[in-house]
Amino acid sequence: MARVAVVTGGTRGIGAAIAKTLKTAGHTVAANYAGNDEAAQKFKAETGIAVYKWDVGDPAACADGLGKVASELGPVDILVNNAGITRDGMFHRMTFEQWHAVIRTNLDSMFAMTRPVIEGMRERGFGRIVNISSINGQKGQMGQTNYSAAKAGVIGFTKALAQENAAKGVTVNCVCPGYIDTDMVAAVPEDVLKKIIAGIPVGRLGRAEEIAEAVTYLASDKAGFITGSVLTINGGQYIAN
Ligand code: NDP
């Protein structure tokens, strides 16, 4: 069934691929972004997908933005919490600003984005929430205490919220990508990236579309018996339970 879907950070990288795949599956999609208007307008022109600018770390902005999406496109039945940032550094040199920026965008956003839509989903008896965590939230990563903490938090959030909403037709799942070929990974120094790829049994970076296909399935009506799951998509780099 065609539904209204919101994808945070949906104008670039993994989020853009998710937005496009959801659209191909027949859904009406709203792609949120933070501030890169040029990328957002290019994405809108290429795909015909509506774009909405607000900061996912700001609860009031999320409530306003989601209200606008609902009035323009209809009630939100699918929410993909994808927006994320990194501010890497060894913990003994990390500032609170680096710590807090990552927790705010990657974890506070789970509350800020999900809280305004969850009651409507429960009332309508249908909802699909897919949260994007990371391999580094599963295994921890040197230089990313902030990011690993936030992404591990996303997994706990997913499991708890899944239990609270299962009886109401609302599923909540989490996808943990490994290293995917996006701007975020382009920021990794080349020598570090070479070492990372050497540690991926499949022998390459992942593609954003490979994450998008899984997310679109989890967001579909067909996936109603899958909730609270943590789906690892990382080319075999870290084989979690
Ligand atoms: P990109 O850096 O390529 O894109 C990030 C997107 O998020 C952009 O659309 C950006 O908007 C948006 N965004 C950032 N901050 C905010 C904010 N405060 N409010 C609203 N939107 C925001 O990221 P990726 O596609 O690489 O990553 C997507 C998700 O996948 C993230 O959660 C990331 O942690 C996770 N992930 C990525 C991996 C990878 O290898 N790439 C591996 C594992 C997990 P704008 O364009 O305006 O800046």
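In which hand does α1 pass α9? The points below lead up to the reply.

1. This is a predicted model, in which local features need pLDDT of at least 70 and side-chain atom pairs count only at pLDDT 80 or more, while totals for chains, interfaces and linings use all residues. Residues are numbered from 1 along each chain as its sequence is written.

2. Around the ligand there are 30 residues, of which the closest are Gly9, Gly13, Asn36, Gly84 and Met184; a residue counts as near a molecule if its C-beta atom, placed from the backbone, lies within 6 Å of it. At least two residues of this shell come from each of α1 (13–24), β2 (28–33) and α7 (183–186), where helices (H or I, at least four residues) and strands (E, at least two) are DSSP runs, numbered from the N terminus.

3. The axes of α1 and α9 (residues 208–218) come within 8 Å and cross at roughly 50°, the axes being lines fitted to C-alpha atoms, for helices over the stretch in contact, with angles from 0 to 180 degrees between N-to-C directions. That makes α1 oblique to α9, because angles under 35 degrees count as roughly parallel, over 145 as roughly antiparallel, 65 to 115 as roughly perpendicular and the rest as oblique.

4. As for the opening question, α1 passes α9 in a right-handed crossing, the term used when the near helix is turned clockwise from the far one by less than a right angle. Among the residues that make the contact are Gly13 and Ile14 of α1 and Ala208 and Glu209 of α9, two residues being in contact if their C-beta atoms, placed from the backbone, lie within 7 Å.
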